[in-house]
Amino acid sequence: MRPQLVIVGAGPRGTGLLERIAANAPELYAGSGLDIHLVDPHPPGGGRIWRAAQSPLLWMNSHAEDVTMFTDGTVQMAGPVREGPTLHEWARLDGRTFADRQLQGRYLSWVYERAVAELPPGVTVHHHPRRALRVSGSREGRQQVWLEGRPRPLLADLVVLALGHLDSEPDPDLAEPAAYAREHGLVHLPPDFTADSDLSPLKAGEPVLVRGFGLAFVDLMVLLTEGRGGRYEGDTYVPSGREPVLYVGSRRGVPYHAKIGYDWTGPRPALPRFLGPPEVEALLARPGGFDFRRDVWPLVEKELGFAHYHRLFTAHAERTAMTWADFEERYAAAADPVETAALVATAVPDPADRLDLAALDHPLDGVRYASHEEFQEGLRGYVESDLSRRHDPAHSADLGVFLGLLSVYGQLVRLGNIGPWWHGFFSYLASGPPGPRLRQLLALSRAGILRFVGADMTVTAEDGVFRASSPTVPGHSVEARALVEARLPEPTVGRARDTLLRELHAEGAAETPGGLLRVDPADGRILDGAGRPHPRRFALGPFTDARTPGVFTRPRTGGPAFRQNDATARAALAFLSASPVKEFAR
């Protein structure tokens, strides 16, 4: 007769939810006992992505000081703050270290154990190392959570899906290269979590086309070089002879920008300034809805520009031509991009100090090279310049833009799914690889192990091979018998390989046009096609339209994921506490 709560997914999101349950239970839970069931085939805390059983060569993508699982006073939530150590404090690391993923997994395991220890007496956690296959049950009664290898379901008064990143069926546009590979004995690796990919078909010395230049590519690069016995001696790569030759390209044709390598000093911009709660409420209230490019993007540009110029004027005033107070007043009053550009041209003499988001997003737009080798040298120069800039405080307006991006993302979460372009743009500017990874990329390029294809890379399947080309180097192409799609699977509910989500999709759970599961922004309850929140089913994570930037939260940044976890924990505890005992027997 004890209430039963089932959390499907015991990785960082499930662990964070458990921490919020422990924090809120003394205030909200008046029951005599509670069973919490964690369902995940991997150990609680790290889950699949941060499990111990993966290569120690793979790093986190954040400084250790920027990773925390604990709330602080900046989080706007109803529940109590329970502070705790960041990764670098817990592990006693230098805060600027990029820790390996195995260490992060141990940190997450410790957070999980602490959360369990802080639960009130009578609240018991049970871990089920199995996959959840489906959820059944009426809206009014107990849910049944069916597990792989068990003939009977877990009974649940509430279910929370905290599934994290998902495997998915390939995009329809990948069906053709996959079929061509099967017919001609080629290798085609679809989007996947690189640590889980079977890379053995990629043979030593053979060319491999790689489509994608983000973080999945970085993992691929590591596993196919150091992971095959190569090593670095300073800025030189010493091959093992087991590496393939990687030909990489993408829409932009360049790697994501390196992580910024210095700290913030001085006053911070007052964010949000132009895209805050009132503007989001106005967008949500539009009778005909909103268009991202027409209605949202101008506000994003204004916010990012404000963050950029605030930093430029307050930290590098010698490179400006008016006071910050005058500029801020006129910037706020500017009615359109033309007026804003005229103001910036007057106030910021050097064009290199002006924020040009279009140029940032398309760095090779219109750029042409006469030969493949000339482009290799040119792109190495681009990467070297990026590394220099991202580690030079003279360009700290970039860090202002980074803070602006975090602020914008925190607001856009409330608008639901706004398309993959924004998430890609955010990751490209704000969530790129550690600087040392780009230095390794340069060493691999000089060694001939890694070669750049260019922007707007196209891949054709003909004459029994894959062939890649780019307008960046007109007339040049490269052939290979292997093609790797170096990106994560899209978190679409309809194509998820997870049977639980597919069952929800088939039952009519609402999804966005981009395929994300729609949830109530107030507390994470799953919505149906009519927009009704399910009273007993919740969802948190990147497969929902309440997705948040990154997996982990930087300390003292307001953490929207913490706010969501807290709201869901409080809603679940209030429901379980208020329901009469007879409800739990249904």
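Predicted model: local features only at pLDDT ≥ 70, side-chain atom pairs only at ≥ 80, totals over all residues.
1. Residues are numbered from 1 along each chain as its sequence is written, and side-chain values use heavy atoms, with hydrogens and water left out.

2. Where does aspartate 157 sit? You will find aspartate 157 in the loop between strand 6 (154-156) and strand 7 (158-161); strands here are DSSP runs (E) of at least two residues and helices are runs (H or I) of at least four, numbered from the N terminus. The aspartate 157 side chain has a partner, making a polar contact with the side chain of arginine 142 at 3.0 Å (a pair of N or O atoms within 3.5 Å; within protein, one must be able to donate a hydrogen and the other to accept it, and residues adjacent in sequence count only if both atoms are side-chain atoms).

3. Glycine 14 is also worth a look. It belongs to helix 1 (residues 12-28) and is buried, with a relative accessible area of 1%. Not counting residues up to four places away in sequence, glycine 14 touches Ile7, Gly9 and Ala162 (contact means heavy atoms within 4.5 Å).

4. Next, a helix pair. Helix 7 (residues 292-315) packs against helix 8 (residues 324-333) at an angle of about 170°, with the axes 11 Å apart; axes are lines fitted to C-alpha atoms over the stretch in contact, and angles run from 0 to 180 degrees between N-to-C directions. The two helices are therefore roughly antiparallel to each other (angles over 145 degrees). On the helix 7 side, the residues in contact include Phe306, Tyr309 and Phe313, and on the helix 8 side they include Trp324, Phe327 and Tyr331.

5. Finally, helix 12 (residues 397-412) and helix 13 (residues 420-430) have axes that come within 10 Å and cross at roughly 155°. That makes helix 12 roughly antiparallel to helix 13. Among the residues making the contact are Phe402 and Leu405 of helix 12, and Trp422 and Phe425 of helix 13. By class, this contact has eleven nonpolar, one polar and no charged residues (Ala, Val, Leu, Ile, Met, Phe, Trp, Tyr, Cys and Pro count as nonpolar, Asp, Glu, Lys and Arg as charged, and the others, Gly among them, as polar).

How values were computed: Parallel < 35°, antiparallel > 145°, perpendicular 65-115°, else oblique. Buried < 20%, exposed > 50% of the residue type's maximum accessible area, 1.4 Å probe, protein only.
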